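Have the sequence and the model open side by side.

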Amino acid sequence: MYKPKQPFNVAAQILTPSTVKINGVNKKVYSAGDSFFCSAKSFGGTEKVLNGVYVLEDTMNIETYYRPDIKADCHIKLLDDMSEWEIISDPEDVERRHQFLLFKVRRYKGGA
């Protein structure tokens, strides 16, 4: 039986996408949804050069209680520092019991 490795003591908010047409171009807009608690474990960042700009890619593993509204196209906002993270892949429903979700998120920061 699966048990979470850390307590769910990090406040977060789900950001759900919707598509808006601006000047004839479809653009994703994220609107704030419900808040929830999770555990967030970071592994530091990876240095990259994207389009000639030096950036740092941070990744983090998130564990939380099962929520069917958290999907792969959503973003997560951590409420302690207001940082916004994108979900990398489909959240995993642990043992398909609808009790816990595991997923990985990333964000890019930097650029000089």
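Start at Asn23, which counts as exposed because its relative accessibility is 77%. The cut-offs are these: buried means under 20% relative accessible area, exposed means over 50%, and partly exposed lies in between, with a 1.4 Å probe and protein chains only. Asn23 sits in the loop between β1 and β2. Its phi is near 55 degrees, a positive value in a residue other than glycine. Most residues other than glycine have a negative phi. His98 also has a phi near 55 degrees, again positive in a residue that is not glycine. Look for His98 in the loop between β6 (92-93) and β7.

A word on the source. This is a predicted model, in which local features need pLDDT of at least 70 and side-chain atom pairs count only at pLDDT 80 or more, while totals for chains, interfaces and linings use all residues. Residues are numbered from 1 along each chain as its sequence is written, and side-chain values use heavy atoms, with hydrogens and water left out.

Now step back to the whole chain. It has zero helices and seven strands. Here helices (H or I, at least four residues) and strands (E, at least two) are DSSP runs, numbered from the N terminus. The order along the sequence is β-β-β-β-β-β-β. The C-alpha atoms fill a box of roughly 45 × 35 × 25 Å along the principal axes. Of the 112 residues, 31% are buried. Contact means heavy atoms within 4.5 Å. Among contacts between residues at least 6 apart in sequence, 56% join residues at least 24 apart.

Next, the core. A nonpolar core is a set of buried Ala, Val, Leu, Ile, Met, Phe, Trp, Tyr and Cys residues joined through side-chain atoms within 4.5 Å. The largest one here has 16 residues. Those with the most contacts inside it are Phe36, Ile70, Ile76, Leu78, Ile87, Phe103 and Val105. At least two residues of this core come from each of β1 (10-22), β2 (25-50), β3 (53-65), β4 (75-78), β5 (83-87) and β7 (100-110). Take Phe36 as an example. Beyond its neighbours within four places in sequence, Phe36 contacts Val10, Ala11, Ala12, Gln13, Ile14, Thr64, Arg67, Ile70 and Ile76.

Val55 lies in strand β3. Val55 counts as buried because its relative accessible area is 10%. Its C-alpha is 9.6 Å from that of Gly45, ten residues away along the chain. Glu86 belongs to strand β5. Glu86 is partly exposed, at 26% relative accessibility. From Glu86 to Asp73 is 13 residues in sequence and 7.7 Å in space, C-alpha to C-alpha. Leaving out residues up to four places away in sequence, Glu86 touches Cys74, His75, Lys104, Val105, Arg106 and Tyr108.

What about the cysteines? A disulfide is a covalent bond between the sulfur atoms of two cysteines. The cut-off is a pair of cysteine sulfur atoms within 2.5 Å. The whole structure has zero disulfides. The sulfur of Cys38 is 14 Å from its closest cysteine sulfur, in Cys74, so the two are too far apart for a bond. Cys38 is buried, with a relative accessible area of 0%. Cys74 is buried too, at 3%.

Finish with the empty space. Rolling a probe the size of a water molecule over the atoms shows where empty space is left. On a 1 Å grid over the protein atoms alone, a cavity is a set of points where a 1.4 Å probe fits but cannot get out, and a pocket is an open set with protein on both sides within 12 Å along at least five of seven lines; lining residues have an atom within 4 Å of a point. Grid points are joined across faces, edges and corners, and a volume is the space filled by probe spheres set on the points.

The largest pocket holds about 160 Å³. Its lining is Lys5, Gln6, Ser39, Lys41, Phe43, Asn61, Ile62, Glu63, Leu102, Phe103 and Lys104. β2, β3 and β7 are the elements giving two or more residues to this lining. There is one cavity of 30 Å³ or more. The largest cavity holds about 40 Å³. Met1, Tyr2, Val94, Glu95, Arg97, Gln99 and Phe100 line it.
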